[in-house]
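Student: I would like to learn how to read a model like this one. Where do we begin?

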Amino acid sequence: MSEYFRKLIKRDPPPAANIRFRCAKLHRVTDAAGNSKDSEYNTIYDVLKSRGWKETDVDTEWHIFWCDKDWIHSAFDKMHLDPHQHVNHFLNHQELTRKDLLVKNMKRMRRQCEKDGRPADASKYNICPVTFVLPQEYSMFVEEFKKWTGSTWIMKPIGRSQGSGIFLINKLAQTQQWKPRQDWNPSQPKTEDEEAGVEAYIAQKYVESPLLIGGKKFDMRLYVCVTSYHPLTVYMHRGGFCRFSMTRYSSDKNDLNDLGSHLTNVAVQKHSGKAAYKRTGAKWDVHNLKSYLLTTAGVEVVNRLFGDIEEIVIHSLFAVQKVMINDKHCFETYGYDVLIDVDYKPWLLEVNASPSLTANTVADYEMKYGLLDDLLTLLDFEKYLAGNELQVGGFDLLYKDGCRYSPPEGSVFTSYLGAYNNRLSLLEKLAKTRAWELRNTSKSTGGFFGEEEVVRSQPSRRHAEDIRNPSDPSCARTVRSYPAPAAAGKN
């Protein structure tokens, strides 16, 4: 929240007066007759306006453009951006956020680690269920399918979202919902219709023993901000939510067509007609999940689970770091979808480049509003921060340039994910600290800010150690050297 910084750090003119933003119209509303109404914005627009920044429709005169993915692909390369301008996607974000490319990059990193004789590192990339890309890997899929007689597989189109086009199978004949004809074979010549393009799918082994709460299946939507791939700099929001099915889960093979019990997508669950959906939006805060698991599974299981989730985030980014086109004008906030099985093992389902920012409950709106407000504070368009903060609101530094950040040794919990998100008090404390630092800087000729600056500085890889500041426990972190493995180039 910029108000804390503006109150304590006076500038004339106020930086906010000069900030310009553009915001893509991210969804449309249609009436019952299907007529298009005026375009509407979602939560991000509210946050941008609340900061007192000025909206502009001019193509080039902006500091931040919250654009859609189509704009990045069609226009970004044709523009010259000034140093102060930023957009909310990396140019080839699909290396991480398209289902088939995510799997391809994971497999490539695993093969590279195995080739280098590092089986322990290779195992860290087994974070997705067994997956094949169709039609390219159809033969391999059939071979694997036959090894698991009676198992269930989930078919997902690589280019769609919100549960569209997904179906479950436990017999090869059921793939005809995807294949162009029943006797289709990848080695046969293509018909004219097939030349036009067979929609690419992934076939993924279904996690048939998910962790249930109240008999309902759920997964987690978590938020990760990457401000740079070189050096890799990752912040993870301690919030997020669980998405619940409104129907009791059943592993009965005769119920595979009941997608409402298998898919947790809000776009699917909103059609359930259940009163609970209208009341809760089929969502539950991650902090509540963590509290629940503490009572049912214990602190040791919770620490292992949430630590493994952070490892999933880090290694998924390692997998694409070498192929991602880094640009100083780009940042990205990813929506990670993670499923937990009955053994408390997390599985990465997919990564979203444009996680939904619309809200279906008041609590959902407040969570997303706070998330985006903290994101804009972290990006620091008004130049209040020092650039080496370990925490900004609900965002905690997770990884930077070979260093892995976590709570101090001796803490009860080993992850900030799901921790109580007292973002406003933390932002106020940060603003006071920055005001103190800036006052001391103006009195100093050597640029040394004193003990507080030392505590907030990022350590080098060779000096990674436990950082503590007794006067400000929120700044304490354990820092470990955690270099990315040598990655194979793009195949």
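This is a predicted model: local features need pLDDT of at least 70, side-chain atom pairs count only at pLDDT 80 or more; totals for chains, interfaces and linings use all residues.

Student: What share of the residues is buried?

Tutor: Of the 491 residues, 52% are buried. The cut-off is under 20% relative accessible area. The accessible surface is about 22700 Å², and carbon and sulfur atoms hold 50% of that.

Student: And contacts along the chain? What part comes from residues 24 or more positions apart?

Tutor: Take the contacts with a separation of 6 or more; 69% of them join residues 24 or more positions apart.

Student: Where do side chains point in a strand?

Tutor: In a regular strand they alternate between the two faces of the sheet. Keep that in mind for the next sheet.

Student: Which order does the antiparallel sheet have?

Tutor: The order is 5-8-6-7, an open sheet of four strands with antiparallel pairing. Strand 5 (131-134) and strand 7 are at the edges with a single partner strand each, so one side of each has no neighbour in the sheet. On average, neighbouring strands of this sheet are turned by 25° against each other, direction ignored.

Student: How many bridges join strand 6 to strand 8?

Tutor: Five bridges join strand 6 (residues 153-157) to strand 8 (residues 201-205), and the two run antiparallel. P157 has Y201 of strand 8 as its bridge partner.

Student: Which helices meet this sheet?

Tutor: Look at helix 7 (residues 138-147), which packs on the sheet and touches strand 5, strand 6, strand 7 and strand 8. The direction of helix 7 makes about 140° with that of strand 5. Helix 5 (residues 99-115) lies across strand 5, strand 6 and strand 8, at about 130° to strand 5.

Student: How do I find the buried side of a helix?

Tutor: Start from the geometry. An α-helix has 3.6 residues a turn, so residues three or four places apart point the same way. Then list the buried positions. In helix 12 (residues 286-296) they include V286, L289, K290 and L293. These cover an arc of only 100° around the axis, so they lie on the same side of helix 12.

Student: What do the buried residues of helix 12 pack against?

Tutor: Among their partners are strand 10 (216-229), strand 12 (241-248), helix 13 (299-321) and strand 14 (332-340).

Student: What should I check at the two ends of helix 12?

Tutor: At the start, a side-chain oxygen of D285 comes within 2.7 Å of the backbone nitrogen of H287. Just after helix 12, G298 has a positive phi of about 100°.

Student: Now a single residue. Is T175 buried or exposed?

Tutor: Read the relative accessible area, then the surroundings. T175 is buried, because its relative accessible area is 0%. T175 sits in the loop between strand 7 (167-169) and helix 8 (192-195). The T175 side chain reaches the backbone oxygen of L172 at 2.6 Å. Leaving out residues up to four places away in sequence, T175 touches Y138, F141, M155 and I169.

Student: And V268, what is its relative accessible area?

Tutor: The value is 22%, so V268 is partly exposed. V268 belongs to helix 10 (residues 266-269). Beyond its neighbours within four places in sequence, V268 contacts Q162, G163, L259, G260 and L263.

Terms used:
Residues are numbered from 1 along each chain as its sequence is written. Side-chain values use heavy atoms; hydrogens and water are left out. Buried means under 20% relative accessible area, exposed over 50%, partly exposed in between (1.4 Å probe, protein chains only). Contact means heavy atoms within 4.5 Å. Accessible areas come from the Shrake-Rupley method with a 1.4 Å probe; for residues, only the protein chains shown count as cover. The arc is that of the directions from the helix axis to the C-beta atoms. A polar contact is a pair of N or O atoms within 3.5 Å; within protein, one must be able to donate a hydrogen and the other to accept it, and residues adjacent in sequence count only if both atoms are side-chain atoms. Two strands pair if DSSP finds at least two bridges between them. Axes are lines fitted to C-alpha atoms, for helices over the stretch in contact, and angles run from 0 to 180 degrees between N-to-C directions.
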